[in-house]
Amino acid sequence: MEQPVIALRGGVASLGGRPVLRGVDLAVRPGEVVALLGANGSGKSTAVRSIVGQVPLTGGELELFGTPQRRFRDWARVGYVPQRTTAAGGVPATVREVVSSGRLARTRFGMMRRADKEAVIRALELVGMADRLGDPVDALSGGQHQRVLIARALAGEPELLIMDEPMAGVDLASQEVLAEALRAQVARGATVLLVLHELGPLEPLIDRAVVLRDGCVVHDGPPPEAVGQHALPGHDHVHPHAGPAAEPIRTGLLT
Amino acid sequence: MDILDLAFMQRALLAALLVGVTAPAIGTYLVQRRQALMGDGLGHVALTGVGLGFLLNESPVWMATAVCIAGAVVMELIRWYGRTRGDIALAMLFYGGMAGGVMLMNLSDSGSSANLSSYLFGSIATVSEEDLVAICILAAFVILTTVGLRRQLFAICQDEEFARVTGLPVRMLNLLVAVTAAVTVTVAMRVVGLLLVSALMVIPVAASQQIARSFKATFALAVGIGVTVTVSGTATSYYADVPSGATIVLFAIGLFVVLTALATPLAKRRAGRTAAAEECTLEAPGERTAADDVRV
């Protein structure tokens, strides 16, 4: 069998003393598109953040491209879209500057050569933001901002794309653009792991869905059928559990 | 111009120029990651180094550099490990540094209160040949770091989590930012004084932000503003016989006010240009398109 790109076995992690992952098994094979689903607090974000090394695993094994994650250094192969960036950005920055930082892993000593600059433009074209190159990111809407963060991950032309709720706070038109961008990545052979709240326009792309509940995998297979109110025709995707959902998504770059 | 014929003023102007470049350069990164007042804390810590220099009859600039770098490293360690009680620990470090400096100065034979205040508020006309050599070496380090590693530093200051997943040595780079800030403090110490160091790291950046739209432009303009106020402030302090540090900082604040006043009409013009391109029209009912994304 082909070596999995991500192999997590019995992953255990806790946040603030509370166990969040309680023995999660997750394998993602090359070229697969896997959606990680589950309610708020089910541990899906923590699972993704432990895979990229942001949350330490207290138990279990994790391999990326066949290398134990602890010794994995080849981060240029991974593109990451965080749910929101850490509070930073007291200084204005343009779309180009932010997306260029996604190309760093591919450059030598941070030198941007012509190929690197072209890759940045290509990534922005993929998400339909190439005309906003010189605009400051704090002038963008939530959906545009999310597209920039995705372009940043795509700028490094990663083999593995990991996205934490890329569709949160993004309107339908932007979701379609992102679905198209993702389709192009899959077509060129990229592997994708994404945390989602709802499948939405991405549904046809998803090969497999893994559902977490209370830090355990409760479903691993084809995308599950919608249940309850979600299954009703004309379901409006207004999520009461999103809490103060009216608030725009905070990615940190906007502040 | 007679001011350029005087050896001490030549030294003073060169030192001022270097401070004008280095303080806003590292300051841009500090402001970006919302640590604008880090320089202030490091300035407090550096005073212990100055006191040690007097006590041991060593160069106060080099001793301050050593102590300040040690303080910066401790600050970074506190940031990594002591999240919950971090601010208490930082307060201990800062005020301990200040108190230690005053105490050590008093214990030494050569340290007087006049000396103390020249380090606290700057005394540019007393910059010695030896000081200037130290300032040049330290400034070269700061410029090399802030310009040479600008992409890496931008990445970690903009989004630390993302930078880590890019494979950047985030801890090393964070440490480098802190150490560079510490070095800048000692570069600026003789010119604006330890209590006003932070002003030169923050105010030019804040002023520059009023009109700049990109990080690169903010950085460049902040350095330009920094050089303008330090050099003109130093010259003014010579002619008007006023303290250099205070003059420079007041000039910087003045420039900030002017740029803020200029920024409002500028922003309006930019907004006006966009608005003119697309007029708003009210549509007849039922003309919503899918792109409106109104889901009812």
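**View 1. A:Asp220 and its salt bridge in the predicted model.** A:Asp220 has a relative accessible area of 42%, so this residue counts as partly exposed. The model shown here is predicted. A:Asp220 pairs with A:Arg208 in a salt bridge, and their closest N and O atoms are 2.6 Å apart. The bridge joins distant parts of the chain, with A:Asp220 in strand S10 (residues 216-221) and A:Arg208 in strand S9 (residues 208-213) of chain A, 12 residues apart. A:Arg208 counts as buried because its relative accessibility is 10%.

**View 2. Salt bridges of B:Arg79.** B:Arg79 and B:Glu76 form a salt bridge with an N to O distance of 3.1 Å. Both residues belong to helix H3 (residues 60-81) of chain B and sit 3 residues apart, about one turn of the helix. B:Glu76 is buried, at 1% relative accessible area, whereas B:Arg79 is partly exposed, at 28%. B:Arg79 also forms a salt bridge with B:Glu160, at 3.7 Å between the closest N and O atoms. This second pair links helix H3 to helix H8 (residues 160-165) of chain B, across 81 residues.

**View 3. Surroundings of B:Ala222.** B:Ala222 lies in helix H11 (residues 215-240) of chain B. Its relative accessibility is 0%, so B:Ala222 counts as buried. Leaving aside residues up to four places away in sequence, B:Ala222 touches B:Pro24, B:Thr28, B:Pro204, B:Val205 and B:Ser208. B:Thr28 is 194 residues away along the chain, yet the two C-alpha atoms are separated by 7.7 Å.

**View 4. A positive surface patch.** A:Arg96, A:Lys117, B:Arg150 and B:Lys216 make up this patch. A:Arg96 is located in helix H2 (residues 95-100) of chain A and is partly exposed, at 38% relative accessibility.

Note on methods: Residues are numbered from 1 along each chain as its sequence is written. Chains are lettered from A and ligands numbered from 1 in the order in which they are written. This is a predicted model: local features need pLDDT of at least 70, side-chain atom pairs count only at pLDDT 80 or more; totals for chains, interfaces and linings use all residues. Side-chain values use heavy atoms; hydrogens and water are left out. Helices (H or I, at least four residues) and strands (E, at least two) are DSSP runs, numbered from the N terminus. Buried means under 20% relative accessible area, exposed over 50%, partly exposed in between (1.4 Å probe, protein chains only). Contact means heavy atoms within 4.5 Å. Patches are made of residues with over 30% relative accessible area and no salt bridge: like charges are joined within 9 Å, nonpolar side chains (Val, Leu, Ile, Met, Phe, Trp, Tyr) within 5 Å. Accessible areas come from the Shrake-Rupley method with a 1.4 Å probe; for residues, only the protein chains shown count as cover. A salt bridge is a side-chain nitrogen of Lys or Arg within 4 Å of a carboxyl oxygen of Asp or Glu. Lys and Arg count as positive and Asp and Glu as negative; His and the chain ends are not counted. The place of a charge is taken as NZ of Lys, CZ of Arg, CG of Asp or CD of Glu.
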